Each structure stands twice: as structure tokens, then as C-alpha cells.
Amino acid sequence: MYTAEYKVCSIKQRCTGLLLLATLSLGVTLWNVVRFRTNSIILPVHVQTNGNISTHSRFQEHGKLLEQRNRTCQPVNNFVYVKTHKTGSTTLSTILDRYGYTRELSFMLNKNDKRVGHIRRIKITRDSPKTLFVPPINVSINDTDRFMFNVSTIHLTFNKTVLDMFMAPNTKYITILRDPATQFNSYFWHFSLNRYVCRLKDKLNIRENDKCFLKFVENSGSYRRVMSGTNTQITDLGIDRSKMADEKYVNVTIRQLQRDLDFALIMEYFDESLLLLKKLFCWDTSDILYLAQNARVAQPSKYPSHITDKVRQLNRADYLLYTTFNQTFWEHVEAYGPTFQADLSEFRSELSKFTKNCTDLSTAISSKGRLRKYVPKSSSSLECNQTLYNVFEWIPLIRERQVGH
């Protein structure tokens, strides 16, 4: 799908070139439509915005009509989000789930996992529609030849060649990455890897966890069970863990990921990432508004530089992956153009107003006492409440729409 670059034409020849490129793009799009009809493939993309669609038409209308009026590209409705662990991925998935659900798009889900629909550690094959997938919208569960999806936001092991068999044409592939110096600490804490290192009196005491984490880092060779939790980001993206120690193989894998992925968001620059995603996907500001999910109640200590270096070395493959895509990220920022900072400030202003209007700015602690989430105002709208939905609320709604139970 052609994504326009937005610049004011001051040179006549440049304007002509852009018009020609847009015309060629339109021709390619029309050819794809004809080709699709010829192959008798029915895509499960349904919604035509006509003012009568209640799930989306009133979502943050202020500023939206202006954005649509200035739009010269088509919104991306086909995308795979390859989830990684402890990278802000839950917050991002709720943004993408909301977008897909409010436009009645079909999601790839594991029919055997009714809770979250993940396809972790399960090999996807040509027979998966018969054994694994929830059917798309308006497709019979037995009509597996017509199983084709618009969206995937679940945990799965990435293999673009395989996923392309079941995703609609022109699907965009994205992920999110985080510096393993902090990502691994979050993983260590969230999945209670400390139990293999220490006997904690208070499992929720962040300082006790810090001491336990430092003990592991200084003596990592003694804790093989914990080492299985290293390099999880590149593992989620499909690397063969048995070859993780081969740096040449790791670099080959990263280069392939650069070809396969259209964009990698960076957790440390989450708002900046969403702004770039908005442009890449030709979405509106309302589509990327969010309220943080799964935020930790207490943050770990700032570790000495030699500890940070050791953590990165333990997660060497992840660190190579992160630094590569972090460099690419800033190339995207530069390519965005001179309005990036102004657009970022405007987005953050909208985000602040949205948070104030939807919540009373207080937070509640989850039942496990470890995670914080926003509390909606009693008078908040459906749109506000949907922004607070987590994966355990979105997936049942999506599943119900596609399968009816």
C-alpha cells in the first residue's frame, strides 16, 4: 500500500512527480482488487463508515474530521503485531485491538485458548485453519479455504512466510522492542524468576527483588532456569534458540527481520513510536490514544553501569536486535520531517486532555498488588472505557463476534 510523504510542493516538477506516483499507486491498488476477485478470495474487511456505525463514529470526533479532510492516503486495516514480552506490548495491543474491533476486522486467534487466544510454542501450518484458528467474521468454521485475517495482536512465534498464507494482502508487520538492560529486569520480576535465586519474605518488596536480581547477575552461571528467560525479544521474533550463541547467525536473523518488519516501535520512546505508526498506517490521532496497562507499582533501583553492562551481555542477542532497530527508528524520525516535535507536542496535549476527561487521574492496584491501572470516571463514555479494556476484555469480545460463543 502506498503511504504518502506530506510535503508542500514548492517546485512544479516535484508536485508532478508526486501526482504521477499517486496515480501509479492507484493503478496497482485497482489491479490488486481485480486480481482478488479473479481468485475468488473473500476478504473479511467489512465496515464502510456511513455515520451509522456506533462503535467507531463518535470516538474522539474533535480534530478527526480535519485529519480526514487532509488525508491523501488510505488507512492500513491489515496488520500483524508481533508481541514481545515486557516491552509495553500490552498497552500497544489494546490500542490495536480497539482499532480492529471498532472497524469489525477479523483477528487471528487460537480457538483452543479462549482467554487470550495466544499461539505460543505452536507451529502454524497450512492445516492450522482446521485445527487451530477461530474463523473470520461471516465465514463458517468448516469453510477453512476462506480463512484469511486482517489483524493479529497475540503472542506467537514470528514467521512471515507462514503468516502470509493467512493474512490479507498488503499486511503490515510491526513489533515493539526495549533495551534489555531494563526489559530483562521486568521479565525477571513479572515471571517470578527470583524464586530460583532467593527465598523472599515479601515477594512484592521491590528492594528484596533488587537484591535477588543483583545476586543472579553476579552469578548467572549458577542459575540455568533463569537463563532460559534471557533474549526473549528475539526469541518471540522467531530465532532458533539453539543457535543463540552464534553471533553471526544472530546478525543474519536480524537482517532478515529488517526485511520482514515494516516498523519496530521502541518502548523508551512510546509516544514518538505511536506518532510514527500513525503516519505509517495513515491513522487518526484518536486511533492512537491510550492509557497505560500493566504498569508496575514500584520501579527497580538504578543499577551501576557494570551491572547494566552484564545484563546486556547476558542478553547479547536482544541487545544487538535492539540497537539495530533503535538506529532505524531515528531514521524514521528524521524522515518524518521538520514537524515531528510539534506534532509530538500536540499528540501529548491531546493525550493529556483525554486522560483527564476519561479518568479521575487516580489509579487502582491489581489484585496481585503488583500492577497499576487507571480508574475511569463514573460518567465516562464507552470510548473512554474501551481505552481501559485489557486483553482479557478485548479477546472475548473479538472472539464472540467471530465465532458466536
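**Entry 1. Burial.** I take a residue as buried when its relative accessible area is under 20%, and as exposed when that area is over 50%. I also note at the outset that the model is predicted. I applied the cut-off to cysteine 73: its relative accessibility is 4%, so cysteine 73 counts as buried.

**Entry 2. First disulfide.** I asked which residue is joined to cysteine 73 by a disulfide. The partner is cysteine 282, with an S to S distance of 2.0 Å. I then located both ends in the chain. Cysteine 73 sits in the loop between helix H2 (64-69) and S1, while cysteine 282 sits in the loop between helix H11 (270-281) and strand S5 (295-296). The two are 209 residues apart, and the pair thus links distant parts of the chain. I read the torsion about the S-S bond of cysteine 73 and cysteine 282 as about 90 degrees, so this disulfide is right-handed. Cysteine 282 has a relative accessible area of 5% and is buried.

Entry 3. I found cysteine 198 joined to cysteine 212, with S to S 2.4 Å. Cysteine 198 is in the loop between helix H6 (180-190) and helix H7 (206-218), and cysteine 212 is in helix H7, so the pair ties together parts that are 14 residues apart in sequence. The link of cysteine 198 and cysteine 212 has 115 degrees about the S-S bond and is right-handed. I checked the accessibility of the two residues, and both cysteine 198 and cysteine 212 are buried.

Entry 4. I looked up cysteine 358 and cysteine 384, whose sulfur atoms are 1.9 Å apart and form a disulfide. Cysteine 358 belongs to helix H14 (residues 340-358) and cysteine 384 to helix H15 (residues 382-388), so the bond ties together parts 26 residues apart in sequence. Is the link of cysteine 358 and cysteine 384 left-handed or right-handed? I recorded -60 degrees about the S-S bond, and the link is left-handed. Cysteine 358 has 0% relative accessibility and counts as buried; cysteine 384 is buried as well, at 7%.

**Entry 5. Pairing pattern.** I counted three disulfides in the structure. With the bonded cysteines of the chain numbered in sequence order, I wrote the pairing as 1-4, 2-3, 5-6.

**Entry 6. Sheet.** I traced an open sheet of four strands in the order S2-S1-S3-S4, with parallel pairing. Its edge strands are S2 (151-152) and S4 (263-266), each of which pairs on one side only. I followed S3 (residues 172-177) along S4 and found four bridges in the parallel sense. I noted alanine 264 in S4 as the bridge partner of threonine 175. Helix H3 (residues 89-102) packs on the sheet and touches S1 (79-82), S3 and S4. The direction of helix H3 makes about 165 degrees with that of S1. Helix H13 (residues 316-336) lies across S3 and S4, and I recorded that helix H13 runs at about 100 degrees to S4.

**Entry 7. Threonine 232.** I placed threonine 232 in helix H9 (residues 232-236). Is threonine 232 buried or exposed? Threonine 232 is buried, as its relative accessible area is 7%. I then asked what threonine 232 is in contact with, leaving aside its neighbours within four places in sequence. I listed His85, Gln183, Tyr187 and Asp318.

Conventions. Residues numbered from 1 in each chain as written. Predicted model: local features only at pLDDT ≥ 70, side-chain atom pairs only at ≥ 80, totals over all residues. Heavy atoms only, no water. Pairing = 2+ DSSP bridges. Contact = heavy atoms within 4.5 Å. Axes fitted to C-alpha atoms, helices over the stretch in contact; angles between N-to-C directions. Disulfide = S-S within 2.5 Å. Buried < 20%, exposed > 50% of the residue type's maximum accessible area, 1.4 Å probe, protein only.
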